[in-house]
Amino acid sequence: MSERSFDISRRRFVANAGLAATAVCLVPYRLSGDEQSLVVAARKSGETTKVTLQSLRNNVSVLLGSGGNIAVLPGDDGKLIIDSGYLSSREKIAEALDGISRDPVKHLVNTHWHFDHTDGNEWMHSAGATIIAHENTKKYLSTTTRVDDWDFTFPPWPAAAIPTEITGAEKTLHLNGATVALKYYGPAHTDGDISIYFTEADVLHTGDTWWNGHFPFIDYSTGGNINGMIKAAEANLARVTDKTIVVPGHGPVGGKTEMIEYRDLLASIRDRVAALKREGKSLNEIVAAKPTAAYDAKWGTGFVNGELFTKLVYKGIG
Ligand SMILES: [Zn+2]
């Protein structure tokens with residue numbers, strides 16, 4: 001099987017990005033020739049994507065459609081926002097935020113550094129937001145960062161987009177009458193992922209440690225790996241009950257049932273790929289064996305298809 005077969009055409013990418021209310025931060029495995037166009041196309045998709053507001057509980061809402069899912073808690077202390085979407089969706093995001101309340105934007109938390117979660121940082125900061133993130137997120141936004149599996153090199157973000165308040169293992173915010181707990185996962189999707197838990201509302205935002213209904217991207221270039229993803233999926237499950245509302249980084253809002261399915265598929269595919277590798281099979285042979293087959297119809301229709309996901313899992317198996 002050639003490298004070529006892992007390519008994702010720009011056309012398909014744009015079509016999917018435009019369609020999905022659950023826009024996905026997607027990802028070519030190998031680009032041939034048309035380098036850099038996929039991150040550019042993803043950013044461009046923000047111009048036409050629809051931004052949808054969904055109310056969750058205790059005033060916590062989520063905006064779906066522009067990059068990673070954006071959670072919002074309005075109130076007298078100003079809005080707290082989780083992730084900032086694509087810059088190209090700025091007007092739509094601002095309009096949706098105004099529709100929630102007239103409170104100014106005061107705090108922005110980044111779940112991790114990826115562009116589809118941070119491209120709106122600069123304008124939200126200009127609107128009044130202090131930006132909070134893990135130190136590794138700050139590190140990647142502050143410098144030139146290459147993501148090999150996107151074949152893309154990001155220049156440093158503008159100074160106004162860089163987080164100024166750093167969270168270590170844990171940090172608790174008390175805003176708008178709510179207790180908001182930030183918690184570091186350790187290396188998972190990147191090595192800067194944090195969760196955000198709205199305690200009274202019982203709403204958890206997992207960032208990109210959970211993709212609901214899509215195989216996840218795993219960013220090895222900035223510290224992610226499959227075993228860390230499984231660990232994060234376990235940690236997420238340990239924190240929720242049947243009542244917890246969970247906002248994934250990508251895909252629709254869900255809960256424990258969907259998270260169990262996701263954790264199980266990650267572990268099952270990891271075990272299958274590891275077993276094939278132990279048998280001495282090459283990467284191409286493992287891809288040809290289709291270790292994701294049982295899940296492809298449901299989970300592999302987005303930008304990370306079964307082949308790409310197999311390669312990402314393989315990369316993390318020693
Ligand atoms: Zn991401």
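Leaving aside its neighbours within four places in sequence, with which residues is F309 in contact? The partners of F309 are F215, P216, I218, I226, L266, I269, T292 and V304, where contact means heavy atoms within 4.5 Å. The model is predicted: local features need pLDDT of at least 70, side-chain atom pairs count only at pLDDT 80 or more, and totals for chains, interfaces and linings use all residues. Residues are numbered from 1 along each chain as its sequence is written, and side-chain values use heavy atoms, with hydrogens and water left out.

**Overall fold**

- The chain has eleven helices and 14 strands; helices (H or I, at least four residues) and strands (E, at least two) are DSSP runs, numbered from the N terminus.
- Of the 318 residues in the chain, 59% are buried; buried means under 20% relative accessible area, exposed over 50%, and partly exposed in between, with a 1.4 Å probe and protein chains only.
- Among contacts in the chain with a separation of 6 or more, 69% are between residues 24 or more positions apart.

**Zinc site**

- The zinc ion is coordinated by H112 (NE2), H114 (ND1), H189 (NE2) and D208 (OD), at 2.2 to 2.3 Å. Donors are N, O and S atoms within 2.8 Å of the metal (3.2 Å for Na, K and Ca); water is not among the atoms, so sites may look incomplete.
- The spacing of these donor residues in sequence is H-x1-H-x74-H-x18-D.
- The arrangement is irregular because the four donor atoms subtend angles of 85 to 178 degrees around the zinc ion. Four donors count as tetrahedral if all angles lie between 85 and 135 degrees; four count as square planar and six as octahedral if opposite donors are over 155 degrees apart and all others between 65 and 115; anything else is irregular.
- H114 is buried, with a relative accessible area of 0%, and H189 is likewise buried at 0%.

**Nonpolar cores**

- The largest nonpolar core has 50 residues, of which F154, I226, L266 and F309 touch the most other members. A nonpolar core is a set of buried Ala, Val, Leu, Ile, Met, Phe, Trp, Tyr and Cys residues joined through side-chain atoms within 4.5 Å.
- At least two residues of this core come from each of α2 (37-48), α6 (135-142), β8 (152-154), α7 (226-239), α8 (256-278), α10 (293-299) and α11 (306-315).
- Helix α8 supplies the largest share of this core, eight residues.
- A second, separate core of 23 residues includes A71, L173, A178 and V247.

**Salt bridges**

- Side chains of opposite charge can pair when their charged atoms come close.
- The structure holds 13 salt bridges, each a side-chain nitrogen of Lys or Arg within 4 Å of a carboxyl oxygen of Asp or Glu.
- E234 and R263 form one of them, with their closest N and O atoms 3.1 Å apart. This pair links distant parts of the chain, with E234 in helix α7 and R263 in helix α8, 29 residues apart.
- E234 is partly exposed at 37% relative accessible area, whereas R263 is buried at 18%.
- R263 also forms a salt bridge with D264, at 2.7 Å between the closest N and O atoms; D264 is partly exposed at 36%.
- R270 and D271 form a salt bridge with the closest N and O atoms 2.8 Å apart, and D271 is partly exposed at 43%.
- Salt bridges that share partners join R146, D148 and D151 into one network.

**Individual residues**

- D151 is not a glycine, yet its phi is positive, near 50 degrees. D151 is located in the loop between β7 (145-147) and β8 and is buried at 13% relative accessibility.
- N58, also not a glycine, has a positive phi of about 50 degrees. N58 sits in the loop between β1 (52-57) and β2 (60-64) and is partly exposed, with a relative accessible area of 46%.
- N136 is found in helix α6 and is buried at 16% relative accessibility. Leaving aside neighbours within four places in sequence, N136 is in contact with Y184, D191 and G192.
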